[in-house]
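Please view the sequence and the structure before reading on.

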Amino acid sequence: MTTDQILPCANPGFGPLPRRLTRAVTIGGVQVGGGAPVVVQSMTNTDTADVASTTKQVAELWRAGSEMVRVTVNTAEAAAAVPRIVDKLAMMGIEVPIIGDFHYNGHQLLTAEPAAAQALAKYRINPGNVGFGKKKDAQFATLIELAIKHDKPVRIGANWGSLDQSLATRLMDENHLRAEPWDAGRVLREALILSALESAARAVEIGLPADRIVLSAKVSGVQELVAVYRELARRGDYALHLGLTEAGIGSKGIVASSAALGVLLQEGIGDTIRISLTPEPGQARSNEVIVAQELLQTMGLRAFTPMVTACPGCGRTTSTFFQELAQKVQEHVRAKMPEWKVTHPGAENLTLAVMGCIVNGPGESRHANIGISLPGTGEAPAAPVFEDGEKTVTLRGENIADEFVGLIDLYVERNYGGNARVA
Ligand code: SF4
């Protein structure tokens, strides 16, 4: 199915368009595409050969909610470490699909380390650097044959930064023959799209079923990414992995990724996402998982953890207490969610509000499942709490933060407590 065939929206003008129908690909038990919820994935930045630190970081990413984790497999030592990492994770009770990221020598590493080839849930192949010159086709074929032999899916992941140069040259030459040549940017976008599509067609020709192929074509510019993925979606029904490559550090990386992926997800394009953030010094790698989850949740596509609505604060807020409470509430519900997921399923849909004064406080708090309106400058030192639109209690004194967090726990217990899953 292509974007042309998308069904009309049931509620025109509101919400994302229906998801584009793609082939379902199963990756270590996780379905990507075929109507499955958009899957969150991430990538480690440890040396894969260092089994202890890679296992620790995979576990951290998984605990944050990553549903698949990619590791680079760049050396014989890294390939040898893969099955040990997977075993260690299993001993910790962590069953997360591990994806191997291969460049240049994947055909050799996977041939030499069949245990790694078997332990990995998917192989990521970059058609731009799988091999060069005469060796390219043979090395690509070897990788696909290994995927067939080990019964694994692949992601054919083209990247702007490592574009297949022979393909780019071919398209540049063809462009010179056009009556109205395209601009260079369009030719390069086309090269990236064709690199993914032609490699997928070649993989199918070799014998890999189309429902074992995920495609990506990443660039670092927002508008380029949107244009490239619209085309990829229009030209086929492969499951698509979305990501803005080299998104950057801090707020720039978050904003650029959210802008690009938000547009595409709104159009129903994208089956799995990764936010390629450069961690700030000292920042946890798992931040990229939280950003991916928050992007999907704020768009109404999935729910992972209760979301806190908080006003920005202004001259009416009396102190930093209001910011501290908003942070405390968000951290509390995030920390509780792994437990609630099992004991109180549905709690991830809870909405919370922490507001700084009477101007918008009571109104916004009434829209949330549970909200608190703190006293602003000149207001009486009292904080009314609202549950499902009704004022239930007014908190006063030194313990407002702890009492409000206690009320959140009680709300969750009352409203989601009867649905505990049997372990
Ligand atoms: S709710 Fe009150 S404190 Fe918060 S931004 Fe609005 S006016 Fe300022």
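## The second largest pocket

With 3 residues, β7 gives the most to the lining of the second largest pocket. Strands are DSSP runs of E with at least two residues, helices are runs of H or I with at least four, and both are numbered from the N terminus. The model is predicted: local features need pLDDT of at least 70, side-chain atom pairs count only at pLDDT 80 or more, and totals for chains, interfaces and linings use all residues. Residues are numbered from 1 along each chain as its sequence is written, and side-chain values use heavy atoms, with hydrogens and water left out.

A pocket is found on a 1 Å grid over the protein atoms alone, as an open set of points where a 1.4 Å probe fits, with protein on both sides within 12 Å along at least five of seven lines; lining residues have an atom within 4 Å of a point. Here the lining comprises 18 residues, and N159, T245, E246, R274 and S276 lie nearest the centre of the pocket. Both β7 (154-159) and β12 (277-278) supply at least two lining residues each. The lining has 3 nonpolar, 8 polar and 7 charged residues. Nonpolar means Ala, Val, Leu, Ile, Met, Phe, Trp, Tyr, Cys and Pro; charged means Asp, Glu, Lys and Arg; the others, Gly among them, count as polar.

## The largest pocket

The volume of the largest pocket is about 590 Å³, where a volume is the space filled by probe spheres set on grid points joined across faces, edges and corners. Its lining has 22 residues, of which W62, R63, G65, Q293 and K341 are the closest to the centre. Two or more lining residues come from each of α1 (51-64), α10 (287-298) and α11 (321-343), and α11 gives the most, with 4. By class, the lining of the largest pocket divides into 10 nonpolar, 4 polar and 8 charged residues.

## Domains and barrel

The chain is divided into domain 1 (25-299) and domain 2 (307-416), with bounds from an automatic or database domain assignment. Their centres, taken over C-alpha atoms, are 39 Å apart. Each domain contributes at least three residues to the lining of the largest pocket.

A closed barrel of 8 strands runs β3-β4-β5-β6-β7-β8-β9-β11, with parallel pairing. Two strands pair if DSSP finds at least two bridges between them; β8 (residues 213-218) and β9 (residues 239-242) have 2 bridges. V214 has A239 in β9 as its bridge partner.
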